[in-house]
Amino acid sequence: MQLIYNFGIYVTQLVLKGISIFNHKIKLGITGRTHTFKILENKISQTDKTLWFHCASLGEYEQGLPVFRELRKDYPKHKIVLSFFSPSGYEIRKNTNIADVVIYLPFDTKSNAKRFLDLVHPELTIFVKYDIWPNLLNELNYRGLKAILISALFRDNQIYFKFYGGFMKKALFAFQHIFTQDETSKKLLQRIGYNDVSVSGDTRFDRVYNQLEQHNSLDFIAHFKGDNLCVVAGSTWPEDEVFLIDYINSLENSAKVKFIIAPHNIKKTQILKLKQAFNKKTVLYSEKNNHTIATYQVLILDTIGLLSKVYSYANIAYVGGAAGKTGLHNTLEPAVFGIPIIIGEHYNHFPEAIEMLKNQGMFSVKNAKELHQILDNLINNSTLRKTSGEKNLSYIKNNRGAVIQIMSFLRT
């Protein structure tokens, strides 16, 4: 298995280099990795004390952020190295003040693992949720370096729990402790003999609840919304936008409902195509200074970094990703503001969505017709909006505490 894995990593590098000629996102990752070791050589010395945080992408970074912040306070004299595998994490958070050095994680070859750890030599390593790289983790274990995995979520069909998954399974034992999101994950680990495990829950609950303590005001959003009811559709993909376009275009012109759409893809061609699909007055974020945006019914955010604040203005949220197969985006961000949430039908791998659906704070739709029914009901029934939204906020409150448990372990 180890030989197959290492050969697979070698082939993957070659394939990605070839694809990068035609794919900008992959090219960013390939090019970025060529600078990783040079950056580390320039910014980390052998006398530095370091911590290493690793996240697959942006979502895992946001998940780990409450723990990262606590460790930043606890280790003010340490240099923190933050690594990402995906460009969607690195490119957005490469200037974060939570770390001293932000890099792309090198491909998981044996030689890269040794060189990486020679340069970083972390006293503590934190992996978030998954992205298990066996050569790196086995080298950490060989050197006796401390590592933990937080907010882990496992499924029975993963390779760690198969008879042929010994090499990958071994990598899990490099962690001194694993904090899981649920009891099922804990039992799966115990089934393979890993017992240094605790159910702490998901650190994202702590992360999003902290949003209530932040400054969430955005004057241009307040001006756009006015006294109208507002539907915010976040992280939408074309499959989601088909539903939304159908609904918005069907509304009477006198309808006092505003819509804010934050597409996942903000490429200019995609944004212009979306704007042109509406028969209602539509304005882009990038155009807001040249228009009286209060007179528009649809606002498209052709920018990133504002969505968590924009949700604070929503009366109803639609969260994208589950109408197609791309994966449901963060539903906890709007839930913390005590509003009802609508999603598509493909949510089975997202436990928070399953729970909020059970609690009746969230609604799933399969097509444009179902979206019409749910949105009409929520828009016209203020009691339903309030009660379903309150259920979502309660769900967030009741699931906080993962950060306290993790930091208690690390501080002992």
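A residue is called buried when its relative accessible area is under 20%, exposed when that area is over 50%, and partly exposed in between, using a 1.4 Å probe and protein chains only. Helices (H or I, at least four residues) and strands (E, at least two) are DSSP runs numbered from the N terminus. The model is predicted: local features need pLDDT of at least 70, side-chain atom pairs count only at pLDDT 80 or more, and totals for chains, interfaces and linings use all residues. Residues are numbered from 1 along each chain as its sequence is written, and side-chain values use heavy atoms, with hydrogens and water left out.

**Domains**

The protein chain is divided into domain 1 (11-201) and domain 2 (216-390), with bounds that come from an automatic or database domain assignment. Taken over C-alpha atoms, the centres of the two domains are 33 Å apart.

**Helix α7**

Seven of the nine residues of helix α7 (residues 134-142) are buried, so the helix is largely enclosed by the rest of the structure. The buried residues are Pro134, Asn135, Leu136, Leu137, Asn138, Glu139 and Leu140. They pack against the helices α1 (2-19), α6 (110-120) and α8 (166-172), and against the strands β1 (50-55), β4 (124-128) and β5 (146-152). Just after α7, Gly144 adopts a positive phi of about 70°.

**Strands β2 and β3**

In a regular strand the side chains alternate between the two faces of the sheet. Strand β3 (residues 101-104) is covered on both faces: Val101 and Ile103 on one side, and Val102 and Tyr104 on the other, are all buried. Strand β2 (residues 79-84) pairs with β3 in the parallel sense over four bridges, where pairing requires that DSSP finds at least two bridges between two strands. Val81 stands opposite Val101 in β3. From β2 the chain passes through helix α5 (residues 87-93) to β3 in a right-handed β-α-β crossover; with the strands pointing away from the viewer, such a path from the first strand over the helix to the second runs clockwise.

**Cysteines and Ser198**

The structure holds zero disulfides, a disulfide being a pair of cysteine sulfur atoms within 2.5 Å.

| Residue | Relative accessible area | State |
|---|---|---|
| Cys55 | 0% | buried |
| Cys230 | 0% | buried |
| Ser198 | 18% | buried |

Ser198 lies in strand β7 (residues 197-199). Leaving aside neighbours within four places in sequence, Ser198 is in contact with His177, Ile178, Phe179, Thr180 and Gln405, contact meaning heavy atoms within 4.5 Å.
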